Amino acid sequence: MIQRQVLVDLIIATLKEINPPALAASGIEPTADTRLFGKQGVFDSIGLVSLIVEVEQAVAELTGKAVTLADDRAMSQQHSPFRNVGTLADYTLTLVHEHPGQPG
Amino acid sequence: MSIPDSPDSPDRRDSPVVLVTGTRKGIGRFLVEHFVRTGARVVGCSREPVDFTLPGYTHHLADVTREEDIKSLLATIGKDFGRLDVAINNAGVAAMNAALLTPTAQLDRVMTTNFRGTALVCREAAKLMMRRTFGRIINFSSVALPMLIEGEAAYLASKAAVVAYSRVLAHELAPYGITVNVVGPGPIDTDMVRGVPADKIGRIVERQAIKRFGRFEDVANVVDFFARPQSDQVTGQVIYLGGV
């Protein structure tokens, strides 16, 4: 079963690959606490779309599960799962575990 | 589009990947044959199996209204080819009924297939296209939409939704090198049109500037234009055939 830290690492790797201007300008090494969106977030809305798509594809390659991160539940939550790397990893982990098919 | 002449050419492995929905018959099947002839690698889907095979063509059973089918289809394309160049949302159903006599189930069916199906394929196709910062999405409307033909309210509402969705998507996907356009054929001799009363079809043809039935080739011509890499400045557009 996939561990949270694997997803945190995967999201950080994706984040570094995209390297949004705000992250590059800060010179800070991303962690699980790195804000993704909103106040002090490293992405604008277009950048966040890219991150979500890249993470979905990376998760599919890793687990064989085609999860949709921007699903109805994510959009209706009071606290967005896209706040920071850690919350995105948590939400991704939930979806991977809930997804039918082989264990993630 | 730089593509090999022969469908059997070994160069096909580097040629564009084209997805067409609703390929069992009619325009969808024609577009499969058309793109295979150009040397493209073509993937198609329908709810029922097809009765043909072609070198360079792969068929999948998938219902465009089912999110899991579409996610699985696009994941397979990503795994098999690593790219998607063109997505053609041809799958659709007709609904010919007076608005006041349209059953709720028919409303749902036509909106779900024509709009949600198109939107789901657009969404998942664009995710794959984003990898290469290139893509061409081509959706389907109908000349009956600008003509506001009576008795087609639900069908035309679904096509209006497709047009609006496509035009907004064109803006959202432009930064990724993906264009989104719409072709609106007039009446063509397909099963869908054969199910419409002849006098109604006749009135549509009569209102076109070019008063003849469309041909599959007419649709392919517009699709080719939208699909060309050179058409990278063409997005959010609707081309209606026949002169509306």
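**Chain B, then chain A**

Select chain B to begin: its secondary structure comes to eight helices and seven strands (helices are DSSP runs of H or I with at least four residues, strands are runs of E with at least two, and both are numbered from the N terminus). Its radius of gyration is 17 Å, close to the 18 Å that the globule rule gives for 244 residues, so chain B is as compact as a globular protein of that length. That radius is taken over C-alpha atoms, and the rule is 2.2 Å times the number of residues to the power 0.38. Along the principal axes, the C-alpha trace of chain B spans about 50 × 40 × 35 Å.

A word on what you're looking at: this is a predicted model, where local features need pLDDT of at least 70 and side-chain atom pairs count only at pLDDT 80 or more, while totals for chains, interfaces and linings use all residues. Residues are numbered from 1 along each chain as its sequence is written, and chains are lettered from A and ligands numbered from 1 in the order in which they are written.

Next, show the strands of chain B. Seven of them form an open sheet in the order β3-β2-β1-β4-β5-β6-β7, with parallel pairing (two strands pair if DSSP finds at least two bridges between them). β3 (57-61) and β7 (238-240) of chain B stand at the edges with a single partner strand each, so one side of each has no neighbour in the sheet.

Zoom in on β6 (residues 178-184) of chain B: three bridges join it to β7(B), and the two run parallel. Pick Gly184(B) and you'll find its bridge partner in β7(B), Tyr240(B).

Now select residues 104-129 of chain B. This is helix α3, with 26 residues, and it reaches 36 Å from first C-alpha to last, close to the 38 Å expected at 1.5 Å a residue (the expected span is 1.5 Å times one less than the number of residues). Where does α3(B) kink? Centre on Thr112(B), where the kink is about 35 degrees; the bend is the angle between axes fitted to the seven residues ending at a residue and the seven starting there.

Over to chain A, which has five helices and zero strands.
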